[in-house]
Amino acid sequence: MRAQFVMSEIWIGLRRNLTMTIAVIVSVALSLSLVGAAMLLSSQVSQMKGYWGDKVEVSIYFCNKDNQKNVKDTPNCASGVATQAQIDAVHTQLDHNPLVQKVYTETPEQAVQNFKAQFPDSPLAPYVTPDYFNNSLRVKLTNPQLYQEVASQVLGQPGVAKVDDQSAVLKPLFNLMNTLQMVAWIIMGFMSVVTLLLIVNTVRVAAFSRKRETGIMRLVGASNFYVQMPFIAEAAFAAGVGALLASGMIALGKLVLVDMMLKKQITLISFIGWGPVVSVMPLLLVIGVLMSSLAAFLTLQKYLKV
Amino acid sequence: MIRFDNVTKTYPKQNRPALDNVSLEIEKGEFVFLVGSSGSGKSTFLRLILREERPSVGEVHVLGKDLAKLSNWKVPHMRRQLGTVFQDFRLLPNKTVGQNVAFALEVIGKPRATINKVVPEVLELVGLAGKQDRMPGELSGGEQQRVAIARAFVNRPMLLIADEPTGNLDPQNSVGIMKLLDRINRTGTTVLMATHDQAIVDQMRKRVIELDQGHLVRDQSRGVYGYQH
């Protein structure tokens, strides 16, 4: 294999077919950006699921002084602040429930600490006192889908003010992310078809314009690999450049959309870092190069008989 | 070197075979003219030897190998032992004379050092010493055909196939090309040349094979073009 000769042939081929090469590069870049975006959306979703999923609990709040004052909202608290015996009774009951994996307790004092740790910059922080919080039990379920069964068992017990399913808050957000991801995959599907057709056509034109060369190569006994390699390498090279552009675009997207906009506006959600972005890049390169090489190879089987 | 055993070639959607039950043998070192009018089957004959086509019936042996039993990936290696020259030269217009000849070696993966050594040698052999850096467009037809012959011969093939090599040349240049082919033949390379050029065939007095509508109608040693049978 004469690398230098092959490289110079590839370079000549790319330049001769410059407009088509540019079209392939742009098309590959767009398709792969969509692939990257879809993959990052999915890692964002799993990141959020992971972050809250560990902590998705049924939260059971017990009556405090506030609840007693606003009996209209929490009728179960008419009899007064929940006693330790009432809390222990619910705790014991949960411990015996097979759906419950673990029960954490949170006192109002701990709640204040947690609040200050989570929102250190909040202007309210200096003014928060244990009086604002309830005694609560945080329950981790063996299967979060079965929230309703645990909630109905606990709701209405003496001293229980209210029961929350924390995952309900996040559901619309997950739905939105999943829809976005779906849309990205669909557009990506159409773009891939366009890209593949473009590659097929480019290779076909290239094979046709170099009929004389390949004819001579066949006659002097160049192997199939040698005859086809420059075409495949050209397609792979164009796809490689496209993949680099796509990597640049998703990096820019992460920087502008996530870091500079979303992160500042939505502080409650944990966004993906650079790790997933960087790990998607080599994947895009591999996908792009493999797909276009394969498309080129299959095209040549039809248009470049050896 | 070449053996045809009862070879018939019928192209798809054609009633009359392009080659009809042809049997013949060409020995190593021979110089053979293949004559016949257009459509007589000369091109099919050559294409069968190059294994660009396969016979419908019969066997074609080249360099001792039955081409029907040669797997596709071995075909390039078989072709490396054949040289081919055409009426229209088939040079690459954007490469120099030297690069055109070197191309044949580069695409079969020969090392640079070998190429640098043998290309000037073969150019000298065909009478183009010093014209290595010229472009094909700057050369006369005869010189262009010499480049094509250099390219076909640079890998020292056992068999040189020439399809109307003088078809585009004036008589004077044709004689030059024939002298060159004769010289190549004297190095031991078998030469098979399809031609319409009566003067050349008559003058050279080599073996003549004549095809007519796919049939082998004459196989004569030291023959002439217009032999009446």
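Residues are numbered from 1 along each chain as its sequence is written, while chains are lettered from A, and ligands numbered from 1, in the order in which they are written. Since the model is predicted, local features need pLDDT of at least 70 and side-chain atom pairs count only at pLDDT 80 or more, whereas totals for chains, interfaces and linings use all residues.

Let's begin with chain A. It holds ten helices and four strands; here helices (H or I, at least four residues) and strands (E, at least two) are DSSP runs, numbered from the N terminus. Read from that end, the order is α-α-β-α-α-β-α-β-α-β-α-α-α-α. The C-alpha atoms of chain A fill a box of roughly 100 × 40 × 30 Å along the principal axes.

Chain A is split into domain 1 (3-52 + 171-303) and domain 2 (55-166), with bounds that come from an automatic or database domain assignment. Taken over C-alpha atoms, the centres of domain 1 and domain 2 of chain A lie 51 Å apart. Of the 306 residues of chain A, 29% count as buried, a label given when 20 or more other C-beta atoms lie within 10 Å of a residue's own; 12 or fewer make it exposed, anything in between partly exposed, and C-beta atoms are placed from the backbone. Among contacts in chain A with a separation of 6 or more, 83% join residues 24 or more positions apart; a contact means that two C-beta atoms, placed from the backbone, lie within 7 Å.

Where does Ser79(A) sit? Its place is the loop between helix 3 (65-69) and helix 4 (84-95) of chain A. Ser79(A) counts as partly exposed because it has 13 C-beta neighbours inside 10 Å. From Ser79(A) to Cys63(A) there are 16 residues in sequence and 9.3 Å in space, C-alpha to C-alpha.

Now to the place where the chains meet. Chain A and chain B each bring 15 residues to the contact. On the side of chain A, the elements that give two or more residues are helix 8 (211-219) and helix 9 (224-265), and helix 8 of chain A gives the most, with six residues. By class, that side has eight nonpolar, four polar and three charged residues (Ala, Val, Leu, Ile, Met, Phe, Trp, Tyr, Cys and Pro count as nonpolar, Asp, Glu, Lys and Arg as charged, and the others, Gly among them, as polar). Buried residues in helix 8 of chain A include Ile216(A), Met217(A) and Leu219(A). Just after helix 8 of chain A, Gly221(A) takes a positive phi of about 90 degrees.

Over in chain B, four strands form an open antiparallel sheet in the order 2-1-4-5; two strands pair if DSSP finds at least two bridges between them. Strand 2 (19-26) and strand 5 (65-66) of chain B stand at the edges with a single partner strand each, so one side of each is left without a neighbour in the sheet. Strand 1 (residues 2-9) of chain B pairs with strand 2 over five bridges, and with strand 4 of chain B also over five bridges. Arg3(B) shows both pairings: its bridge partner in strand 2 is Glu25(B), and in strand 4 it is His61(B). Lys9(B) stands opposite Leu19(B) in strand 2.

Finally, two loops of chain B deserve a look. Most residues other than glycine have a negative phi. Arg205(B), in the loop between helix 7 (198-204) and strand 9 (207-212) of chain B, has a positive phi of about 50 degrees. Gln213(B), in the loop between strand 9 and strand 10 (215-220) of chain B, likewise has a positive phi, near 50 degrees. Arg205(B) is partly exposed because it has 13 C-beta neighbours inside 10 Å, and Gln213(B) is partly exposed with 15.
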